[in-house]
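Please examine the structure shown here together with its sequence. The briefing below describes selected features of its fold and of its ligand surroundings.

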Amino acid sequence: MSLEAELEPGAPIERDGGPLLEVDHLKVLFPIKAGVLVDRKVGFVHAVDDVSFELRSGETLGIVGESGCGKTTLIRALVRLIDATDGAIRFRGADITRSGRKDLEPIRREMQMVFQDPQASLNPRKRVSQILATPLGMRGVAKGRMQEESHRLLQRVGLHPEHINRFPHEFSGGQRQRIGIARALAVDPRLIMLDEPVSALDVSIQAQVINLLDELQEEFHLSYLFVAHDLSVVRHVSDRIVVMYLGKLMEVSPAEELYSRPIHPYTSALLGAIPLPDPNENRARDRPTITGEPPNPIRPPSGCRFHTRCPRATEICRSVEPQLTEYAGGHLAACHHPQHVTAHEIAESTRSPTSPASAGDEPPTADE
Ligand SMILES: Nc1ncnc2c1ncn2[C@@H]1O[C@H](COP(=O)(O)OP(=O)(O)OP(=O)(O)O)[C@@H](O)[C@H]1O
Ligand code: SF4
Ligand SMILES: [Mg+2]
C-alpha cells in the first residue's frame with residue numbers, strides 16, 4: 001500500500017491503538033568538511049544521537065535542554081526538513097524516514113511547525129490573507145471560501161478578521177505568533193511541532209499564547225511536541241517531558257513526576273536554574289547548579305556525555321555510556337548513579353529497549 005493510501009484523510013488517528021509518532025534510534029549527524037580542492041569529511045556534529053521515544057495521540061510531549069542540545073534538529077528531522085543519518089520515523093504506523101516528496105505530501109498536511117521567531121518565519125512581503133491562502137489551498141478550500149475561512153481562523157486565534165490585509169510587521173510579537181499558529185491550523189493538522197513558540201515573547205504574552213494552544217489542542221484533538229530550553233515553560237502544558245543533553249536523551253518522565261522526583265542530575269540542574277518569584281527565597285535556596293558551557297558536539301565526552309559537568313560523576317561515568325533505565329510509571333533515566341530512587345526501585349528497574357546501541361549493560365547503582 002502506498003503512503004498516500006495508508007494515510008488517507010479520515011483514516012483512524014491511531015492504528016491498532018499504536019502511537020501517533022514513533023522515533024526509533026534516530027541519528028542526525030552533520031558532516032564537518034575541510035579541504036580546498038576536494039571536500040573531505042573530517043568529523044561530525046552529533047546533533048541527535050540515537051534518540052527513541054513515542055508520541056501518543058492527543059499528547060503534549062515537552063522537549064527540554066540547553067542551547068545546542070539538538071532540539072530543533074530533532075523536530076526538523078521529524079517533519080523531514082532534514083534527512084536522518086540513521087534510525088526510523090513512523091507516523092501513524094507508516095515509515096516516513098526516507099519517503100520522497102510526493103509520498104510526504106499527505107504527511108506535510110498533518111504535521112505542522114510553529115517557529116520561535118514569528119518575525120522571521122512569516123514572509124514580510126505577504127499580507128495575512130496571502131500567508132493563510134497557501135495552507136488553506138492545501139486543505140482544498142475553494143477560492144470563493146478563502147476569505148470566510150481566513151476570517152474564521154483569525155477569530156479562532158484571537159485576532160481581528162478585519163486585519164486580514166495587514167502585513168506581519170503591523171502586528172505585535174504575540175499577534176505574529178498567533179498568525180503562525182493560524183497558518184499551522186489552516187491545513188487541519190494532527191500534530192504540531194512547536195519550536196520554542198513563546199521564548200521570544202514577554203512573560204504575560206507567553207501565558208496567553210500557551211492558553212490558546214491549550215484550547216486549540218482540546219478543540220481540534222491536536223498532539224504537540226513542545227520544545228523549550230527551560231523547564232518552567234513546559235511544566236503546565238506537557239503530559240510527559242523529554243530532557244536532552246548533547247544529542248542524547250537523559251530522562252523521559254510524566255511531567256509532574258519530573259518536577260517532584262528528578263532522577264537524572266542534569267534534570268535537577270535544569271530545575272535549579274528556574275528562578276523563584278520571590279528574590280529572597282531565590283537567594284536562600286540550596287539548589288544544584290551546573291557551570292560552564294556544554295562540551296563540543298563534534299567530540300562529545302566519552303561514557304556519559306554529562307560527566308564533565310556532573311557533581312555525581314565517578315570513574316564508570318567517564319568510560320561507560322549509561323543505559324536508559326526504566327523505573328516504575330514509565331519514568332526513564334540514563335544515569336549510573338540515579339537520585340531519588342531506592343535500592344528496591346533500582347532492583348526492579350529494567351534496561352529500556354530505547355537505550356542507545358552504544359550504551360553499556362551495567363545497571364545503575366544505589367546511593368551508599
Ligand atoms: N546545518 C547544520 N550543520 C552543522 N551543524 C549544525 C547544523 N544545524 C545545527 N547544527 C549543530 O547541531 C547542534 C544542535 O543544534 P540545534 O539547533 O538542533 O540545537 P537546539 O537545541 O535547537 O539549540 P537552541 O536552543 O539554541 O535552539 C548544534 O551544535 C548546532 O551547532
Ligand atoms: S551517569 Fe554519572 S556523570 Fe552521568 S549523570 Fe549519572 S552520575 Fe552524572
Ligand atoms: Mg533550537
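The points that follow concern a predicted model and are grouped by topic.

**The sheet**
- An open sheet is formed by 9 strands, with mixed pairing, in the order S6-S7-S8-S3-S9-S10-S12-S11-S13.
- Its edge strands are S6 (111-114) and S13 (350-351), each of which pairs on one side only.
- Strands S11 (residues 325-327) and S12 (residues 331-333) run antiparallel and are joined by 3 bridges.
- Glu326 has Leu332 in S12 as its bridge partner.

**Helices across the strands**
- Helix H2 lies across S3 (60-64), S6, S7 (191-195), S8 (223-228) and S9 (240-245), and runs at about 155° to S7.
- Helix H7 lies across S6 and S7, running at about 175° to S6.

**The packing of H7 and H8**
- Two packed helices are described by the angle between their axes and the distance between the axes.
- Helix H7 (residues 173-185) packs against helix H8 (residues 203-220) at an angle of about 15°, and their axes are 10 Å apart.
- Angles under 35 degrees count as roughly parallel, and H7 and H8 are therefore roughly parallel to each other.
- The crossing of H7 past H8 is right-handed.
- Gly173, Gly174, Gln177, Ile181 and Leu185 in H7 meet Ile205, Gln208, Val209, Leu212 and Leu216 in H8.
- This contact of H7 with H8 has 6 nonpolar, 4 polar and no charged residues.

**The shell around ligand 1**
- Of the 13 residues around ligand 1, those that come nearest are Phe30, Ala47, Ser67, Thr72 and Thr73.
- Strand S2 (40-55) and helix H2 (71-78) are the elements that give two or more residues to this shell.
- H2 gives the most, with 3 residues.
- The shell around ligand 1 has 5 nonpolar, 7 polar and 1 charged residues.

Terms used. Residues numbered from 1 in each chain as written. Chains lettered and ligands numbered in written order. Predicted model: local features only at pLDDT ≥ 70, side-chain atom pairs only at ≥ 80, totals over all residues. Near = placed C-beta within 6 Å. Helix = DSSP H or I, 4+ residues; strand = E, 2+ residues; numbered from the N terminus. Nonpolar A, V, L, I, M, F, W, Y, C, P; charged D, E, K, R; others polar. Axes fitted to C-alpha atoms, helices over the stretch in contact; angles between N-to-C directions. Parallel < 35°, antiparallel > 145°, perpendicular 65-115°, else oblique. Left-handed = near helix turned anticlockwise from the far one by under 90°. Contact = placed C-beta atoms within 7 Å. Pairing = 2+ DSSP bridges.
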